[in-house]
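Subject: Structure handover

Hi,

Here is the structure I said I would pass on. Could you have a look before reading my notes below?

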Amino acid sequence: MGSSTVVVPGVHLVPRHVAIILDGNGRWAKKRLLPRVAGHKRGLDAVRETVKACAEMGVEYLTLFAFSTENWRRPADEVSFLMGLFISALEREAKRLHGKNIRLKVIGSRERFAPELVARIEAAEALTAGNTGLTLAIAADYGGRWDILHAVNQLIAEGVAEITEEALYDRLSFGDAPEPDLFIRTGGEQRISNFLLWQLAYSELYFTDLLWPDFNRQALDAAIASYRQRERRYGRTSEQLPPDQQRG
């Protein structure tokens, strides 16, 4: 592979791009002696609140890991419910997002989705394509390894003689977005779980025991407060950073 010029990203008090794994819907429901689907419904409320908060504080890109390639292994009735919830949410939320100048993208493979769901996705993306506010990306039937392989295969099909980092990044599912500044995972697990593997190389990682349905504006503020305490050195020493970026 070809080498590329190293460009040090800028540092921002408010992260330009936040990526979140929405973990804990089922456990939230189980704790309340409710069916798992109740947790997914409540989780959708947390999504709305998080989207609103990010838009208000000036986050430019928000990526939510809603359904992974591995999630197809879940019980068939739960997968069926999630697909139905996705369809109904797209139908209800697309106009609301459009009214708030939010652009919607759905990233991942669509090969296993029903035609109705694909049509809803395409309609929602088309409706919001010209919006200039927050870009909301929903990762569905998405996996980081799949994303990298898909990008490489696309480059091969195009006959690219030398694969550079920039060329590969441009062909990733969300190649028009900057790399995430902040990665958040709820639910107490401390894993990346095949999410944005290439893009998270230099992201600040934040893990919380809160289950996703309990994640709110206060929890998001806590994550961003933690992010602001990090030194984003990108291979440099603390002494090389501008004074306003040094911590401690």
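First, a word on terms: helices (H or I, at least four residues) and strands (E, at least two) are DSSP runs, numbered from the N terminus. With that, the elements of the protein chain run β-α-α-β-α-β-α-β-α-α-β-β-α from the N terminus on, giving seven helices and six strands.

Please keep in mind that this is a predicted model, where local features need pLDDT of at least 70, side-chain atom pairs count only at pLDDT 80 or more, and totals for chains, interfaces and linings use all residues. Residues are numbered from 1 along each chain as its sequence is written, and side-chain values use heavy atoms, with hydrogens and water left out.

On confidence, pLDDT (the predictor's confidence in each residue, from 0 to 100) averages 90 over the protein chain, and 89% of the residues score at least 70. Residues 1-6 fall below 50, and beyond near neighbours in sequence this stretch has seven contacts (heavy atoms within 4.5 Å) in the model. Where pLDDT is low, the predicted coordinates should not be read in detail.

For the chain overall, 47% of the 248 residues are buried, meaning under 20% relative accessible area, against over 50% for exposed and partly exposed in between (1.4 Å probe, protein chains only). Of the contacts between residues at least 6 apart in sequence, 75% join residues at least 24 apart.

Now to strand β1 (residues 17-21), which is mostly covered, with five of its five residues buried. In a regular strand the side chains alternate between the two faces of the sheet. Here both faces are covered: His-17, Ala-19 and Ile-21 lie on one side, Val-18 and Ile-20 on the other, and all are buried.

What does β1 pair with? Two strands pair if DSSP finds at least two bridges between them. β1 runs parallel to β2 (residues 61-68) over five bridges, and parallel to β5 (residues 182-185) over four. Ile-21 takes part in both pairings: its bridge partner in β2 is Phe-65, and in β5 Ile-21 stands opposite Arg-185.

Lastly, a loop residue. Thr-132 sits in the loop between α4 (115-128) and β4 (135-142). Thr-132 counts as exposed because its relative accessibility is 68%. The side chain of Thr-132 also makes a polar contact with the side chain of Asn-101, at 2.9 Å. Such a contact is a pair of N or O atoms within 3.5 Å; within protein, one must be able to donate a hydrogen and the other to accept it, and residues adjacent in sequence count only if both atoms are side-chain atoms. Ile-102 is 30 residues from Thr-132 along the chain, with 6.8 Å between their C-alpha atoms.

Best wishes
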